[in-house]
Amino acid sequence: MERAVVLIGARRSGRGLPGLRAVGKSLDAMCDWAIDQGISTGHVKVHSDEDDTPALASDVFEAVRTYVDRGTVEQLIVYFCDHGVNNNGSEYWLLSDAPDNPNEAVNVARSIRLAECCGIPHIVLVSDACRTAPTSIQADDVTGSAIFPNLPTTAGVGDVDVFYACRLGEPAFEIADPAEASRSYRAVYTEVLADALHGMYPDLREHVEGGDSGEAYDVVRPYPLRKALPKLVTGRIRDLQATTAAAQLPDGRVSSDPCEAWLSRLKSTYPTGPPRPVVQGGRAHTRTLWRSDSPPGSECGRIPAATMRGVLWRSVAKYRQCSG
């Protein structure tokens, strides 16, 4: 399956908004996961202000359109980590020049609507951002931009899954790490999400065998992940000994096929013994859910992601210089 990832983050948005200290670490975590999944650097685009270049709506739109125009991408994951607001039930991801520039935000509702008709069968939007009401008239006037092209419905209708770091009206937290004297901050939702996608929670791993190739592997599917994230995030906050005021319950909407769609494909560490057969798509497959006592993690020989991430960041910087 051809997959692509667009990662968006900004430590600083417009005037009056505090800087976010865990954005870079969060982008690194998602970039590591994408590389571990075998997604080539040419199919991973990063837009952030880590090199003091603003993350702009036009750049994000062009990145998404690149993968839409390919016509071969079957799954596109768009991840965002920054400030967010909810205005009259509509989500907005604030980019580097928002709210000063009311267009420099992602209009999530409009983007979801256009994503359904872009021709990519499976779109996944992940938002590690607050969903609170605007705190000023300036923020209230943010209108935002769609990051998917406006195509006719004949392009094909796909499934769009949306993962939110918190419930409507609530904040998403950066929490200080009590184990680090430097007061390093952690975006707890992204941290837990990345661990889940890496296969670190055995109950979320599903063993799959069969199909034309007869392969055996594990997958992490969207629906079980959405259901598990509230408990996992709550547990991580408790483990960090954060204040009880830092209550955060992730939310989301999954519309993809619960038996077919997956977000991570991992080397199987399933114990010996035949799993039960099921039928999917008219072909015989076998599918087994992991037990809670199954061995944790996957010793799959991870790619040296830090090295590959450095190549990716350098390529992004070079691209910006050339397109300057």
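Axes are lines fitted to C-alpha atoms, for helices over the stretch in contact, and angles run from 0 to 180 degrees between N-to-C directions. Helices (H or I, at least four residues) and strands (E, at least two) are DSSP runs, numbered from the N terminus. The structure is a predicted model, in which local features need pLDDT of at least 70 and side-chain atom pairs count only at pLDDT 80 or more, while totals for chains, interfaces and linings use all residues. Residues are numbered from 1 along each chain as its sequence is written, and side-chain values use heavy atoms, with hydrogens and water left out.

The axes of helix α1 (residues 23-36) and helix α5 (residues 188-197) come within 10 Å and cross at roughly 10°. Angles under 35 degrees count as roughly parallel, over 145 as roughly antiparallel, 65 to 115 as roughly perpendicular and the rest as oblique; α1 and α5 are therefore roughly parallel to each other. In this pair, Ser 26, Ala 29, Met 30 and Trp 33 of α1 meet Thr 190, Leu 193, Ala 194 and Leu 197 of α5, where contact means heavy atoms within 4.5 Å.

An open sheet of 6 strands runs in the order β2-β1-β3-β7-β8-β13, with mixed pairing; two strands pair if DSSP finds at least two bridges between them. Strands β2 (44-48) and β13 (251-253) form the edges, each pairing on one side only. From one strand to the next, the twist averages 10°. Strand β8 (residues 159-164) pairs with β13 in the antiparallel sense over 3 bridges, and Val 162 has Arg 253 of β13 as its bridge partner. Helix α1 packs on the sheet and touches β1 (3-9), β2 and β3 (75-81), its direction making about 175° with that of β1. Helix α6 (residues 222-239) also packs on the sheet, touching β7 (122-128), β8 and β13; the direction of α6 makes about 20° with that of β8.

A nonpolar core is a set of buried Ala, Val, Leu, Ile, Met, Phe, Trp, Tyr and Cys residues joined through side-chain atoms within 4.5 Å, buried meaning under 20% relative accessible area (1.4 Å probe, protein chains only). The largest such core has 39 residues, of which Val 5, Leu 7, Phe 163, Tyr 189, Leu 193 and Leu 225 touch the most other members. Two or more residues come from each of β1, α1, β2, β3, β7, α5 and α6, and the largest share, 7 residues, comes from α1. Apart from this core lies another, of 31 residues, among them Val 73, Leu 76, Ala 115 and Ala 129.

How values were computed
Buried means under 20% relative accessible area, exposed over 50%, partly exposed in between (1.4 Å probe, protein chains only).
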